[in-house]
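User: I am new to this structure. Could you show me how to read its features, one at a time?

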Amino acid sequence: MVPAIATDNRRHARRFPAHHPAQIMLGPDAMIACTVRDISTGGARIALKPQMDLPETFELFIAAHDLQVRRARVCWREGAFAGIAFSSDEADAVINVEAPRTLTFEDCLDQAAMPAHLAAKPARKSLKLYQTSI
């Protein structure tokens, strides 16, 4: 049997296997959970439910060693997988945010996506976003 090596591989960077939880941001109140299955400097392959529709471009929040936010566009979609390319525009470059130590990934995303007028309510003021060490 012939190895499954694509002859039309247009990737410029080496891919690395991964299993990082991620969220596709559709708006301030809408996200799609997915998993980054492999990643390179230029893009990634993500796994998500096949019935989920994806916009052409979106922001992808990746929880790895730190929280990465990448602007991405869909290159291909096949069943439960999609290939995405990260934006090469400097305005959309990587934003590394140190993940809070006391909050879960979902809590961090909820607070990051919280509109300012809701975050200013007294009930939200008591939340500790970052654990500081002296």
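**Cysteines, confidence and rings**

Analyst: Start with a cysteine. This is a predicted model. In it, cysteine 75 has 44% relative accessibility, so it counts as partly exposed.

User: Is cysteine 34 buried or exposed?

Analyst: Cysteine 34 is at 6% relative accessibility, so it counts as buried.

User: How many disulfides does the structure hold?

Analyst: The general idea is that a disulfide is a covalent bond between the sulfur atoms of two cysteines. This structure has zero disulfides.

User: What pLDDT does the chain average?

Analyst: Where pLDDT is low, predicted coordinates should not be read in detail. Here the chain averages 75, and 57% of the residues score at least 70.

User: Which elements have the lowest and the highest mean pLDDT?

Analyst: Helix 3, residues 122–125, has the lowest mean at 47. Strand 3, residues 43–47, has the highest at 95. Over residues 1–7 the pLDDT is below 50, and that stretch has zero contacts in the model beyond near neighbours in sequence. Residues 123–127 also stay under 50. For them the model has seven contacts beyond four places in sequence.

User: Where does the charged end of arginine 45 sit?

Analyst: The charged end of arginine 45 sits over the ring of phenylalanine 81, 4.9 Å from the ring centre.

User: Which ring face does arginine 70 lie over?

Analyst: That of phenylalanine 86, with 4.1 Å to the ring centre.

User: How many aromatic pairs are there?

Analyst: The count is zero aromatic pairs. Pairing needs ring centres within 6.5 Å.

Note on methods
Residues are numbered from 1 along each chain as its sequence is written. This is a predicted model: local features need pLDDT of at least 70, side-chain atom pairs count only at pLDDT 80 or more; totals for chains, interfaces and linings use all residues. Side-chain values use heavy atoms; hydrogens and water are left out. Rings of Phe, Tyr and Trp (its six-membered ring) pair if their centres lie within 6.5 Å; planes under 30 degrees apart count as stacked, over 60 as edge-to-face and the rest as tilted. A charge sits over a ring if NZ of Lys or CZ of Arg is within 6 Å of the ring centre and within 35 degrees of the ring normal. pLDDT is the predictor's confidence in each residue, from 0 to 100. Helices (H or I, at least four residues) and strands (E, at least two) are DSSP runs, numbered from the N terminus. Contact means heavy atoms within 4.5 Å. A disulfide is a pair of cysteine sulfur atoms within 2.5 Å. Buried means under 20% relative accessible area, exposed over 50%, partly exposed in between (1.4 Å probe, protein chains only).
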